[in-house]
Amino acid sequence: MNVLAPAAARASLQQRRDEAPRGAYLKNAWYAIAWSDEIGRSLFPRTILDTPIVLFRDTEDRVVALRDRCPHRFAPLHRGTLSGGIVQCPYHGLQFDSAGRCVHNPHGSGVLPKAATVPAYPAVERFMLVWLWMGVPELADESKLPDFSYVDDPALTTIKGMVQGAGHYELYADNIMDLGHAQFLHTGLGAPAFTKGAREVRQEGETVWSNVASLNEELAPLHAAIKQLVGRRLDWWVDVRWNAPANMDLTLYVDEVGGSRQTAKWFDRNFHVITPQTTTSSFYFWALSRNYRVNDTELSLQLKAGLDAAFADEDKPMIVAQQAAMGGEGFWDLHPVLLPCDAGAIRARRVLAKLIAAETQEATGLASPE
Amino acid sequence: MNVLAPAAARASLQQRRDEAPRGAYLKNAWYAIAWSDEIGRSLFPRTILDTPIVLFRDTEDRVVALRDRCPHRFAPLHRGTLSGGIVQCPYHGLQFDSAGRCVHNPHGSGVLPKAATVPAYPAVERFMLVWLWMGVPELADESKLPDFSYVDDPALTTIKGMVQGAGHYELYADNIMDLGHAQFLHTGLGAPAFTKGAREVRQEGETVWSNVASLNEELAPLHAAIKQLVGRRLDWWVDVRWNAPANMDLTLYVDEVGGSRQTAKWFDRNFHVITPQTTTSSFYFWALSRNYRVNDTELSLQLKAGLDAAFADEDKPMIVAQQAAMGGEGFWDLHPVLLPCDAGAIRARRVLAKLIAAETQEATGLASPE
Amino acid sequence: MNVLAPAAARASLQQRRDEAPRGAYLKNAWYAIAWSDEIGRSLFPRTILDTPIVLFRDTEDRVVALRDRCPHRFAPLHRGTLSGGIVQCPYHGLQFDSAGRCVHNPHGSGVLPKAATVPAYPAVERFMLVWLWMGVPELADESKLPDFSYVDDPALTTIKGMVQGAGHYELYADNIMDLGHAQFLHTGLGAPAFTKGAREVRQEGETVWSNVASLNEELAPLHAAIKQLVGRRLDWWVDVRWNAPANMDLTLYVDEVGGSRQTAKWFDRNFHVITPQTTTSSFYFWALSRNYRVNDTELSLQLKAGLDAAFADEDKPMIVAQQAAMGGEGFWDLHPVLLPCDAGAIRARRVLAKLIAAETQEATGLASPE
């Protein structure tokens, strides 16, 4: 399905009734919570979706994720101890296994109260990340993970980084779904093509694409320098694929004039995976896999430094300022003036809102782990 | 109309029904937002009445005041750029003119959405200050500015300063409307006359006067020293004129015994102009114009240092403490015990409350710029 | 009345309807606000029960406690001056006596408005502490003070300390009512007996006892070292007596095998007196009186340092973390999983909730001092 951007923008306003309850999260979804290499055989705390979680590896090095709050007196479990895959509460010594079941009560007769369990979240490791399923555990389905398998391709060279900061996760997603900001916010990149190039917004099921094409054009100067293509006219494309809640693949394809994405000689595949920490702050995981200069370690270090700076010093401060300017009000409540370039971001917001609304209304007959 | 102070205090309690909705501002009024010399050809942000505003001078050096929030994605405009009197948003590059109209959209076809405007506030420069009209622009009326023209009188010497701090703007106004605090809070001034002198509270239309007279008395020691009148008995008056929302003229007239305000040989004319930043914090602009020792630069520096210290280190901390002690409750909700010396402040509160209540109820048929 | 701990825990859940309104305090009760030696002939501010209070000694060195807010303009009285047992407001100079009556108005005719009073709180000095009655003054009854008279016994040696920190006062009380946490939180003490020993929970009127007995056992290693009883088998008991709102006596009795509490050769009597500062923070006053090594000053210093560290660096951070993990919700709203070892704490919570509920419903016909 192809839509013209302005029509999409208008439609999005007409369909505001689709909007999900403010502050509600999509629960039955995978959320990246940490890099795999952050989690070892020790207690690692992190809050996502307003929920404090403690992560660790069990005796077989499988990642375990439990609610970071003892059901007895609400002490944070991550302050306790881990031994043989068993977590001991720091306050009164209750012990919990990797399924969140209480397996030891050191007090009195040692009876284990049936209610003494902590929620355990289905966890998978994929694409260098640990992903948690935050809804009904029985519905956890690995096939619903977005595909970022290129980060595991040994023919490519991959770098990665993470930013944490104020800002609703949809603001971070908007930022990627409309790369027209690059010319103004990332002035060092110098990319008017994102502003001027032909845009295409497309929805396939619950996947949204926001693409830009530049045929027979020069690359942005920094892109050209990195790829050693300065001064050459080329065909190039930037495709962004969005999947709920806020998982994006961004690929820059570059080919000779008359070429195609499929035959692209040079490409950068990026993921931008945003996870809500709270309703006003986010974790932003990114990775970049390239097929050129793959053995150039110096280039990898430069790219890593450059992208860390762009996300932390340019994107994040702007989104922090946006969030502050919104003053606690919802995005739609502030009546944003939509431009054609917003079509992709708005389409993604609509899909997410529908998914949340459907989940809220649905009677699944299954309990969430809380 | 003259009233006895105690009667005024009693009446104010009886008329609590006049009170305006808590937290409401008088919108159709001029508010000082900055010194004229703070604003140049660059973007200057300041929040008044809970509203972030960006100020700058256009190509003809006229002061422009716009809402500091892009209508597209809520980025703060003051982080953008100013060129030829046009503000460019830092995020996606929309450009706005001095009337707040979007005049350039760099994306796609470049269509200018009709709704893409930011509120523009009528601004005037007067009495060294920039004043904004925060209500319906069509109602902006320069004749409603209070008169502080003495600061422009070349025969006088004028100094000025500004304090920003916690405290509702009416608490700052109360502080000037009852100078009886001077003896206790400004012990270096040593002015029992403000406590003991004959007081007169008077209302003329929407103007409130709170005056003190001391005939055939010595000046406060510090006043006497400054005026080189130590040990002399004199007639002196302190008149405070209040205009809504919180704009006060305070004049100290000093004359020989048997003289009058009109013939006063020595006078200090001060303005105390308070602008709400939020409902619990304020900007406090002050100026002092004197007709004696006008070429004494050293005295000017000493007066400036002394007044900065009095307002920042004595008045402000007390008002900050008052605001904190009020714990989020409204002034009247806490049932203040009123004294006769409160008559002027209470009268001013009543006038302001009536103006706000009238404005709230009124159907003007005109829209505010938001 | 003796109850089995598990039954008590079950019963407590059944009787949740007894629960008092969240955030309500028991007003008609004594609260420790300061050590006697903290209060002299100067103005000492401290907030308890969300109420700012100013304390001082009058000309006969009696402790006076007034609401720390002038009824005129809400200035904090503790920033004023004290002279001859009279407090002068720092802002406009109103003066108040030790009963909170306005005795001087320096303004105008000097009339004293009848309403110009500040609440005065009945205060007594007992057990090294200043206690205030926060409810109806006429109901203040010294016989309702809990008995900690051992701190005044010259045959014993007493040390004391205070901690202030985040955490509802009932969380601090829970911590003492179930010493089973000692093995896990106070690992330096090494006291499995608190976890394993026979427990008894008992209620007598509104007094709750939570006791542990260890017969023919070794002491905790640190206790044994302090008492120079390493390696000896002994009978020992830890009795905790609770009185509302959160005043606890904790006594460790140690005797030869076959002995009794009454004949105990060694004992430590402690008080743990918790006063709410706000609904989420507390003052924690503690004292320890011992009957052994009474002239050993070095031991006193070591005990003081050790207990300061245990309360400030082990108990307090855990309770701060509990409070944070509760995220603004009430204890019962979070459905804590109760263990048998919670019986004492839960019994105390129930008694307090009933007292508060009764007070809330009661029409006393008497006004509180506010």
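1. In this predicted model, helix H2 of chain B meets helix H7 of chain B through B:Glu170, B:Ala173, B:Asp174 and B:Met177. On the H7(B) side the partners are B:Gly344, B:Ala345, B:Ala348 and B:Arg349. By class, the residues of this contact are four nonpolar, one polar and three charged.

2. As to geometry, H2(B) spans residues 169-177 and H7(B) spans residues 343-361. Their axes come within 8 Å and cross at roughly 140 degrees. Angles over 145 degrees would count as roughly antiparallel, and at roughly 140 degrees H2(B) is therefore oblique to H7(B). The crossing of these helices, H2(B) and H7(B), is right-handed.

3. H2(B) also packs on helix H6 of chain B, residues 297-326. Here the angle is about 130 degrees and the axes are 10 Å apart, so H2(B) and H6(B) are oblique to each other. This crossing of H2(B) and H6(B) is right-handed.

4. Chain B has an open sheet of three strands, in the order S3-S4-S5, with antiparallel pairing. Strand S3 (44-48) and strand S5 (63-67) of chain B are the edge strands; each has a single partner strand, so one side of each lacks a neighbour in the sheet. On average, and with direction ignored, neighbouring strands of this sheet are turned by 30 degrees against each other.

5. Within that sheet, strand S4 of chain B (residues 51-57) pairs with S5(B) in the antiparallel sense, over five bridges. B:Arg57 stands opposite B:Val63 in S5(B).

6. Between chains, 18 residues of chain A are in contact with 20 residues of chain B. Two elements of chain A give two or more residues each to its side of this contact: helix H3 (182-185) and helix H6 (297-326). H6(A) provides the largest share, five residues. The side of chain A that touches chain B is made up of 12 nonpolar, five polar and one charged residue.

7. The contact of chain A with chain C takes 20 residues from chain A and 18 residues from chain C. On the chain A side, the residues divide into 11 nonpolar, six polar and three charged.

8. What rotation superposes chain A on chain B? It is one of 120 degrees, with 0.0 Å of shift along its axis and an RMSD of 0.0 Å. Among the residues of chain A, A:Gly328 comes closest to this rotation axis, its C-alpha lying at 11 Å.

9. Chain A can likewise be laid on chain C, by a turn of 120 degrees and a shift of 0.1 Å along the axis, with an RMSD of 0.0 Å. That is the relation of a three-fold axis. For this superposition, the C-alpha of chain A nearest the axis is that of A:Gly328, 11 Å from it.

Methods: Residues are numbered from 1 along each chain as its sequence is written. Chains are lettered from A and ligands numbered from 1 in the order in which they are written. This is a predicted model: local features need pLDDT of at least 70, side-chain atom pairs count only at pLDDT 80 or more; totals for chains, interfaces and linings use all residues. Axes are lines fitted to C-alpha atoms, for helices over the stretch in contact, and angles run from 0 to 180 degrees between N-to-C directions. Helices (H or I, at least four residues) and strands (E, at least two) are DSSP runs, numbered from the N terminus. Angles under 35 degrees count as roughly parallel, over 145 as roughly antiparallel, 65 to 115 as roughly perpendicular and the rest as oblique. A crossing is left-handed if the near helix is turned anticlockwise from the far one by less than a right angle, and right-handed if clockwise. Two residues are in contact if their C-beta atoms, placed from the backbone, lie within 7 Å. Ala, Val, Leu, Ile, Met, Phe, Trp, Tyr, Cys and Pro count as nonpolar, Asp, Glu, Lys and Arg as charged, and the others, Gly among them, as polar. Copies are superposed by least squares on the C-alpha atoms of residues with pLDDT of at least 70 in both. Two strands pair if DSSP finds at least two bridges between them.
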